[in-house]
Amino acid sequence: MIVSSAYGYDDMEEWYDVAIGNKPGHIYGRNTNPTVNAFEDKIKELEGAQAATSFSTGMAAVSNSIYAFIRPGDRVVSIKDSYGGTHRLFCEFLPNINVDVTLCDTGDHEELEREIARGCKIVYLETPTNPLVKITDIARISKAAKAVGALLIVDNTMATPVLQQPLELGADLSLHSATKYLGGHADALGGAVCGSKELITQIHHYREINGATLAPWDAYLLLRGMKTLNLRVLRQCESAKKMAAYLQTQKMVEAVHYPGLTSHLHHDVAARQMSDFGAMMSFALKGGMESASILLPKLQYANRAANLGAVETTYGPARTTSHVECTVEERKALGVPDGLVRLSVGIEDVEDLIADLDQAFAYLK
Ligand SMILES: *Cc1c(COP(=O)(O)O)cnc(C)c1O
């Protein structure tokens with residue numbers, strides 16, 4: 001790992017050539033760093049992209065990828081269920097610079113196609129979403145975006161490149177909060193975006209000036225985490241299927257949201273565009289928050305925290321995690337009841353995880 005903030009040159013001509021980009025090399029840490037480059041190369045390969053650039057956080061990946069292309073007067077079409085920070089960008093910061101944002105019901109493909117056909121600069125998707133794990137058909141929406149010359153950006157954080165390849169499905173850019181599954185150990189923050197050389201060059205240029213650079217130490221931790229990405233994700237998917245099936249049998253569980261269940265509204269789309277169904281789910285408890293307040297503290301193999309995608313199984317009420325910014329009414333309108341529990345399945349023995357839930361559910365009877 002190389003952590004230098006700047007790189008020295010004895011030869012003035014060579015220094016100049018590197019500085020103006022005529023020769024490969026590093027000048028200053030905000031622009032490039034060898035360890036950060038190694039992370040970018042790795043995510044680029046995993047996403048099957050021509051190029052990739054990285055960021056200090058997932059939100060920096062989201063905002064830089066949008067701000068590099070958007071201008072006052074432009075229009076963005078997206079979904080209502082995007083990540084909380086992304087949602088704030090759409091509802092507050094983009095309207096502030098006179099960008100018109102239209103948010104469609106997530107999973108309503110007709111509405112998305114109708115709104116895209118009215119013309120827009122960017123179509124922004126996230127699939128699966130969090131915590132209701134809704135699915136959007138990337139290939140279908142990419143056709144609508146191409147027809148009006150819009151850029152299709154997909155947040156691939158939940159699926160990871162192990163399960164879903166947005167660029168192959170027609171997206172122009174696939175981005176990540178590397179903080180989640182890519183790192184996988186809840187010890188580093190980071191973000192990445194992958195796509196064509198041309199688009200990534202523009203985003204990288206914006207990021208150099210914006211300054212949201214991935215730190216070398218975090219890049220190192222993310223690289224180390226990514227060595228086991230495939231192992232972790234496949235194991236987590238297997239366990240998630242068993243936990244979803246278990247939760248469905250519980251009297252106190254009103255609904256289980258997981259795309260691997262045939263009862264899921266877009267199970268067929270998920271089966272088509274993902275190689276497995278992921279390790280994120282949510283379940284609604286009878287008795288709402290009162291029940292969640294009894295159940296969650298009784299769990300022994302659970303992290304009760306706001307993060308997800310780590311090796312440890314993590315539970316949290318949606319009202320405290322993904323939807324903490326919303327009022328009760330807003331959550332209701334989004335179909336997020338107070339007792340909705342988000343579950344990010346880790347790599348522990350699934351029999352232990354189910355036994356743990358079982359002993360905790362006993363307190364609800
Ligand atoms: C966490 C998350 C983000 C934001 O990432 P940070 O690293 O926390 O900035 C963006 N999109 C999704 C889907 C996320 O889960």
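**Chat about the ligand site and domains**

Author: Hi! The protein chain is divided into domain 1 (12–226) and domain 2 (229–364), with bounds from an automatic or database domain assignment. This is a predicted model, where local features need pLDDT of at least 70, side-chain atom pairs count only at pLDDT 80 or more, and totals for chains, interfaces and linings use all residues. Residues are numbered from 1 along each chain as its sequence is written, and side-chain values use heavy atoms, leaving out hydrogens and water.

Reader: Thanks! How many Å separate the centres of domain 1 and domain 2?

Author: The separation is 26 Å, taken over C-alpha atoms. Their contact (heavy atoms within 4.5 Å) takes 35 residues from domain 1 and 38 residues from domain 2.

Reader: Now the ligand: which residues surround it?

Author: Among them are Thr57, Gly58, Tyr83, Glu126, Asp155, Ser177, Thr179 and Lys180; being near takes a heavy atom within 4 Å.

Reader: And which polar side-chain atom lies 2.9 Å from an oxygen atom of the ligand?

Author: That atom belongs to Ser177. An N or O atom in the side chain of Thr179 is 2.7 Å from a ligand oxygen, and a polar backbone atom of Gly58 is 2.8 Å from one. Such polar contacts are pairs of N or O atoms within 3.5 Å.

Note on methods. A polar contact is a pair of N or O atoms within 3.5 Å; within protein, one must be able to donate a hydrogen and the other to accept it, and residues adjacent in sequence count only if both atoms are side-chain atoms.
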